[in-house]
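The sequence and the model come before the details.

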Amino acid sequence: MTKELICICCPMGCGLTVEMNGSEVVSVTGNTCKRGDDYARQELTAPMRTVTTTVRTADGVSIPVKTKEPVPKDRIFDCVKDIKAANVTLPVRVGDVIAANVAGTGIDAVAARSV
Amino acid sequence: MREFDLAVIGGGPAGMAAAVAAKKKGLDNIIIFERDNVLGGILNQCIHNGFGLHTFKEELTGPEYAERYADMVRELGIPVETGTMVLNISPDRVVTILSSGRGVEDIYARSVVLAMGCRERPRGALGIAGYRPQGIYTAGTAQHLINIDGIMPGKECVILGSGDIGLIMARRMTLEGAHVAAVFELMPYSGGLNRNIVQCLDDFGIPLKLSHTVIDIKGKEKLEGVVVAEVKDGKPIPGTEEYYPCDTLLLSCGLIPENELTRSCGIAIDPLKNGAVVDDRLQTSIPGVFACGNVLHVHDLVDHVSAEAAKAGESAAAFVRGGSAPEGRVIKLIPKNGVKYTVPNSFTAGSLDDEPHIRFRVTGIYKNAAVVIKCGEKELFRRKMRVMIPSEMQDLAVKKDVLAAADADLEIMTEGDIS
Ligand SMILES: Cc1cc2nc3c(=O)[nH]c(=O)nc-3n(C[C@H](O)[C@H](O)[C@H](O)COP(=O)(O)OP(=O)(O)OC[C@H]3O[C@@H](n4cnc5c(N)ncnc54)[C@H](O)[C@@H]3O)c2cc1C
Ligand code: SF4
């Protein structure tokens, strides 16, 4: 079976053609660099995304937040919910943990701006 | 009158990179004027990730990318005046500024870098019939509302225009609990990057409907819904109308460089890109005034903005120190079939960089095509390009010798068929 994907790892957006044998990836073509190959294998077995959102501090300031690493795609909404529920007080430094082990993914959500 | 070696107008990524580069080239007396209260420009509201892969070799969010440059500005001791709006620039580089602390003030700058960025096409320019009820926003305004002010514009949303901001806002609205019915695009191809279609629309099951547009807006005071139709040859096809109830309509219909100051200064504008005409040092038609970033032409990658702006800052430093203009013939670079515009518009033969960059956009989707540079009938340069699409700026580094071989104006064009 053949699957067509678009690599999302950089703005080139290479079109990837993936040969599958059942749930196993046999080959990846169309990628310009190694990351496209990795992406296709990951995407077809356990897709992952970096989540970005904002959290409101007690002072009413909006702070941008991101997961430090990509999390499983089907946990995006759980992560946003957890981040929104975090109690944050100023000052905040970029990289400060806002929600540790967000939604039980093992990944921390961190501040993306110093305020 | 206060005097500066370099006045940078705008403290977004372009302005910061220009100031940093000029400082590193030895200019000391630099000032950045920013009308907002913080540095960073549009990046502050672009909380998604995807910035800085080239510059920092890692994927950052917009605010993180901005903070890295703001840190450099601070560490280098470059003065910044925020809350300061530049009102006018005269051809002899007297800059009029307005701030709450000093009121209106004239300053003199030995060089100026224009880095005012761009703004969104206003909705009036869209030509949609009907009332203008509450609930219609440009995508960038909605992005500011949600990400900076923490206010959700609505619950049931339709997006018109598939530019990257529209795609990113489709995901953002969804994550904040709204329902996004669809993204409609007038053109037969998306205005945004493929990766954004995948991770902002496909991931959330939001349909992208190409060759569709909004033909009517319902609701008097508050938006109640929109009528959408399929389009052929620029005209709605009768019988394809569909009604979408919604309380929010986001318009993502492109960006225009913010060139009011540039125009009133009398700087020549290239209508093909809506930005200043510049040479390979990014100098405009007025000596000592340089331009970079989105005010020069709309960029899709901040990394390109930073690289271009660094060039403008270095050129400003060279201008202030050297004074005299670089020697040599001026070779014009003229966009021909398939190439919409170029930056720069010309080269100076005697003072070429080792690898001058040519940035341009194409007019259609090209697959397995080539970019060719010709001097008369003579072909000087050819590069195969796997894919070129209008929504992605192309950045070619060309060897100095190639351009130095030109004995007349150059033409740049695509070769291959639009697919
Ligand atoms: C919504 C959106 C999403 C994007 N997504 C990505 C992405 O995922 N990845 C990526 O790499 N790039 C992305 N980009 C592109 C990139 O971020 C921009 O091209 C870049 O930020 C432009 O920088 P700039 O400094 O030219 O303009 P801006 O960031 O707009 O900065 C211009 C500054 O000038 C100031 N100014 C304007 N006029 C005056 C005046 N008269 N006086 C004083 N100050 C003034 C403004 O307040 C502003 O701070 C995105 C752009 C947008 C708009
Ligand atoms: S394969 Fe490599 S070059 Fe192509 S989109 Fe993916 S990361 Fe970018």
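## Basis

This is a predicted model, in which local features need pLDDT of at least 70, side-chain atom pairs count only at pLDDT 80 or more, and totals for chains, interfaces and linings use all residues. Residues are numbered from 1 along each chain as its sequence is written, chains are lettered from A and ligands numbered from 1 in the order in which they are written, and side-chain values use heavy atoms, with hydrogens and water left out.

## Domains

Domain bounds come from an automatic or database domain assignment. For chain A the assignment gives domain 1 (2-46) and domain 2 (52-111), with C-alpha centres 29 Å apart. Chain B is split into domain 1 (2-119 + 256-325), domain 2 (122-253) and domain 3 (347-415).

In chain B, the C-alpha centres of domain 2 and domain 3 lie 36 Å apart. Five residues of domain 2 of chain B are in contact (heavy atoms within 4.5 Å) with five residues of domain 3 of chain B. These two domains bury about 360 Å² between them, 65% of it on carbon and sulfur atoms; buried area is the accessible area (1.4 Å probe) that two parts lose on being put together, summed over both. On the domain 2 side, Y189(B), G191(B) and L193(B) lose the most area to domain 3, together 80% of what that side buries.

## Interface of chains A and B

The size of an interface is often given as the accessible area lost when the parts come together. Chain A and chain B bury about 2,500 Å² between them, 52% of it on carbon and sulfur atoms. P11(A), T52(A) and R113(A) supply 24% of the area that chain A buries against chain B, more than any other three residues. The contact takes 32 residues from chain A and 30 from chain B.

Four salt bridges are found across this interface. K84(A) and E176(B) form a side-chain salt bridge at 2.6 Å, N to O. Eleven residue pairs, both at pLDDT 80 or more, are in polar contact across the interface of chain A and chain B.

Terms used: Polar contact = N/O pair within 3.5 Å; in protein donor to acceptor, adjacent residues only side chain to side chain.
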